Amino acid sequence: MTTKANATDDSFHVFDTTLRDGAQREGINLTVADKLTIARHLDTFGVGYIEGGWPGANPRDTEFFARAQKEIVFENAQLVAFGATRRAGGSAADDPQVKALLTSGAPVITLVAKSHDRHVELALRTTLEENLEMVRDTVSHLREQGRRVFVDCEHFFDGYRANAAYAKSVVRTAHEAGAEVVILCDTNGGMLPAQIQAVVSTVIADTGARLGIHAQDDTGCAVANTLAAVDAGATHVQCTANGYGERVGNANLFPVVAALELKYGMKVLPEGALAEMTRISHAIAEVVNLTPSTHQPYVGVSAFAHKAGLHASAIKVDPDLYQHIAPELVGNTMRMLVSDMAGRASIELKGKELGVDLGDDRALVGRVVERVKERELQGYTYEAADASFELLLRGEVEGRARRYFRTESWRAIVEDRPDGTHANEATVKLWAKGERIVATAEGNGPVNALDRALRVALERIYPQLAKLELIDYKVRILEGRTGTESTTRVLITTGDGAGDWATVGVAENVIAASWQALEDAYTYGLLRAGVEPTE
């Protein structure tokens, strides 16, 4: 495990704890391979420090550090091992947990220390003075072994409220023993920005220590609290990718770093790394197997999405009128959402985004606006189905719907068998390139059977469809549209390995709505593949 070079100088630290604190989020269970992959992503992004876990506390973290030494050459980051101060009544040199930290090979070690007097007495069951000695002894020992040491003061802000003098004595002891940075932890996540700023300012003045901040998000203020600490003089921020962490999470790495770079004018990442932020965020979400938050600041797919017609009119004149930064700075893109709120400007900008030339044909744009409003009244939604909208738009521009096949009929059968199992079979009859095709297939459910039958029917004529894969399927019942009856809306996401797209279908039953969305999905897939329409 080596690091070629640090991304920035040592005057300010971006410290990531996704692999340790972030992994405590409910629903996240990382393998060693997952942790190695995320570490590489974070290093590529350019954080200065990556906290890899607690070696010696569990076999997975111990294996991670062993493999990281052999398998990763860090370009920007230094790997950090997390652990605790020695046990009460012992010595750091003889403490097995402290030895495991050294054995990890990590060049930097973060120690968690109690800074709340009640936690010392009730959780550690020792005296306040012994706790200070535990901090002093452990930091000194690790420094003597040539390791850089950071100290996390757990529950610092609650401890400061209860006994400010003792909380500050823990900071002072760690600093005097050789800790490079002492991190004030809002472990319960209950602080607000003004409170954070006031406490950090006071502690810096009273102790002379270099301070960092670790904020949990229980009040929804973790990012704001982190930046408030920076305003007060903290030069070390601890965050997690996408805000992962215990309970509601930690300070989100990406808006913190974006704010530091774009709002504060601080250079905390390597040149060009900020433009990789959206990609890195989504890549890590894929590794932890959580859907990326669509509304996450800076990196969410909706972060620069505009729906209202008023917004679109202004953006057509100048995108900065309704965007606080250019989305390209963080690797994101502006998106125009087409809905019944759309006006002419929305349609014109969306056409430009999709590469469809509308020219200056105001009548054409007006027809598209009215068509969208009419269809959305029926239950269609185009803000979530760009592919279906593009097919609608191209149909208006070209004067007819783009067709690669023409459906004669379809049917889906669900057979309930005596043994409690079900059989699903679908038959499609269609025309393609002048040929009538009949195909039957079974599937895991009627919609899957229809999808397979359509693929069987068309793959011989259009081999490009072999790459297509149904990725996601959503159904919503739209109530109150036709008296006591309901309308069903289906959204299907399809991919071809190079990208994915969403299509929509609306009908009085779920199978008919699904068929519409499947027809659009296959049609759009052929359009993406550059196939010319034949029908």
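Predicted model: local features only at pLDDT ≥ 70, side-chain atom pairs only at ≥ 80, totals over all residues.

Start with Thr110, which you'll find in strand β6, spanning residues 108–114. Is Thr110 buried or exposed? Its relative accessibility is 0%, and buried means under 20%, so Thr110 counts as buried. Which residues does Thr110 touch, leaving out those up to four places away in sequence? The list is Phe15, Glu51, Val80, Ala81, Phe82, Gly83, Phe150 and Asp152. While you're there, look for Ala179: it sits 69 residues from Thr110 along the chain, yet the C-alpha atoms of the two are separated by 9.3 Å.

Next, hop over to Asp158, in helix α6 (residues 156–162). Asp158 has a relative accessibility of 19%, and because the cut-off for buried is under 20%, Asp158 counts as buried. Setting aside residues up to four places away in sequence, Asp158 touches His116 and Asn188.

Now for helix α11, which covers residues 277–288. From its first C-alpha to its last, this 12-residue helix reaches 17 Å, close to the 16 Å expected at 1.5 Å a residue. Quite a few of its side chains are tucked away: Met277, Thr278, Ile280, Ser281, Ala283, Ile284, Ala285 and Val288 are buried. What do the buried residues of α11 pack against? They pack against two other helices, α1 (32–45) and α10 (253–263).

Last stop: a pair of helices, α14 (residues 362–378) and α15 (residues 386–398). Their axes are 10 Å apart, and the two helices pack at an angle of about 140°. Angles over 145 degrees count as roughly antiparallel and those from 65 to 115 as roughly perpendicular, so α14 and α15 end up oblique to each other. The crossing of α14 past α15 is right-handed. On the α14 side, the contact is made by Leu364, Arg367, Val368, Arg371, Val372 and Arg375. On the α15 side, the residues are Phe389, Leu392, Leu393, Glu396 and Val397. Sort the residues in this contact by class and you get seven nonpolar and four charged, with no polar ones.

Methods:
Residues numbered from 1 in each chain as written. Heavy atoms only, no water. Axes fitted to C-alpha atoms, helices over the stretch in contact; angles between N-to-C directions. Helix = DSSP H or I, 4+ residues; strand = E, 2+ residues; numbered from the N terminus. Parallel < 35°, antiparallel > 145°, perpendicular 65-115°, else oblique. Left-handed = near helix turned anticlockwise from the far one by under 90°. Contact = heavy atoms within 4.5 Å. Nonpolar A, V, L, I, M, F, W, Y, C, P; charged D, E, K, R; others polar. Expected span 1.5 Å × (residues − 1). Buried < 20%, exposed > 50% of the residue type's maximum accessible area, 1.4 Å probe, protein only.
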